[in-house]
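Here's a quick tour for anyone opening this one for the first time. Take a look at the sequence and the model, and then we'll walk through a few spots together.

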Amino acid sequence: MHRQFELAKQQYRHRLFSYAWYSLRSRADAEDIVQEAFLKFWEKRDGVQPQEVGAWLMRVTQNLIVDHVRRRKARAQWSDSEADLDQIPQEETPDMQHVGTLKRIVEHSIAQLHDPYRTTLILREIHGLQYQEIADILRVSVEHVKTDLFRGRRKLREIVSAHPLYHHDLLTP
Amino acid sequence: MTKTPDNIFCGAFLDRLDAWLAGEFDGDHMQAHHDSCESCRREMRLAREIGAIATALPELRGPDIRVPTAQELRPAQSVLARLRGTWLQPLVLVPAFALVLAAVLVVQLREPRATAIDPDIVIIDGVEYTREEIQKAAADLELALRYIDKYGNYPAQVISAELEESHLPLPEPQARSEAPPTI
């Protein structure tokens, strides 16, 4: 079992952290959520099939993120964590200092999306998962995933377009 | 909302744009609308640009997962075992015990003190009678009362004869009072 736990750590901790960070844009919160997800995995390890570990961890992380966002909204502390962006170590995101305005807007806007659009979009665009993999994680049909993805992309465009820093000149000619 | 000569509104174009870009939606009218609508062309450029940015976002390096503590590393337990383990924690056990003790004391103080008498044994004037004996005595008494009602001053021998046939064990004279046993 220790072996399975170690494998899961190596295989999924970056993905879970990325998912949490792009959802919350806070390194501390993302780390806490990943730690908690793995702790839950350890506690429930007997009930998780080896082939289900990845999807199981993603679902747990998704629930933790949703809870976290809900608590944060309840505390009315929802804020643009621009400072957290700078906390990402430079070697992890080498181009972060040279990132274009549109890229920053897109990153910020992804975190503004509601679930399931945010999760679907992150899993598909950032992690490059196949529709079927996303469907397995979210326990929905592939068609459902596609619908959420297309709606999520449209909503993302709306959020980006409404961002105060966005203007058409940011687009590549 | 513009309706172009290709007979499609911008709203319909935008609704299908992402599916079209993903190759999930095929339609010449989409391309025709795209070619003729500046606003939708810009929306499509934005969609492509956002898509390119999003897919290029890096997967970030996660934290080192700390090894669970010894307490967290306890072997998997059943719900019952975990519950038992929880109850054995001093912080839970001591208050729980105190609570139970307080509840018992309250009940003891509020309830009238019950007599420790076997409900099947009744003691009358220091003599123990069983429930069965009391029931038979009651039946005898009822019979005697019926005789009295019926015959009034009928000779006591009649009543005595009837009573002798009854089941009530007659107590020793010095231990019994004259009055019939009361329940």
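## Where the chains meet

Let's start with a salt bridge: the side chains of A:Arg13 and B:Asp64 come together at 3.1 Å, N to O. Keep in mind that this is a predicted model. Between chain A and chain B the count comes to four salt bridges, and the rule also picks out nine residue pairs in polar contact across that interface.

H1(A) supplies the largest share, with 10 residues. Sorted by class, this side of chain A has 21 nonpolar, nine polar and 15 charged residues.

## The contact in numbers

How many residues does the contact take from each chain? It takes 45 from chain A and 34 from chain B. About 3,800 Å² of area is buried between the two chains, and carbon and sulfur atoms give 60% of that.

## A helix in chain B

Now hop over to helix H1 of chain B, residues 10-21. Its 12 residues reach 16 Å from first C-alpha to last, close to the 16 Å expected at 1.5 Å a residue. Just after H1(B), B:Gly23 takes a positive phi of about 75°.

Among the buried residues of H1(B) are B:Phe13, B:Leu14, B:Leu17 and B:Trp20. What do the buried residues of H1(B) pack against? Their partners are helix H8 (142-162) of chain A, along with strand S2 (8-9), helix H2 (28-36) and helix H3 (38-56) of chain B.

Key: Residues are numbered from 1 along each chain as its sequence is written. Chains are lettered from A and ligands numbered from 1 in the order in which they are written. This is a predicted model: local features need pLDDT of at least 70, side-chain atom pairs count only at pLDDT 80 or more; totals for chains, interfaces and linings use all residues. Side-chain values use heavy atoms; hydrogens and water are left out. Helices (H or I, at least four residues) and strands (E, at least two) are DSSP runs, numbered from the N terminus. The expected span of a helix is 1.5 Å times one less than its number of residues. Buried means under 20% relative accessible area, exposed over 50%, partly exposed in between (1.4 Å probe, protein chains only). Contact means heavy atoms within 4.5 Å. Buried area is the accessible area (1.4 Å probe) that two parts lose on being put together, summed over both. A polar contact is a pair of N or O atoms within 3.5 Å; within protein, one must be able to donate a hydrogen and the other to accept it, and residues adjacent in sequence count only if both atoms are side-chain atoms. Ala, Val, Leu, Ile, Met, Phe, Trp, Tyr, Cys and Pro count as nonpolar, Asp, Glu, Lys and Arg as charged, and the others, Gly among them, as polar.
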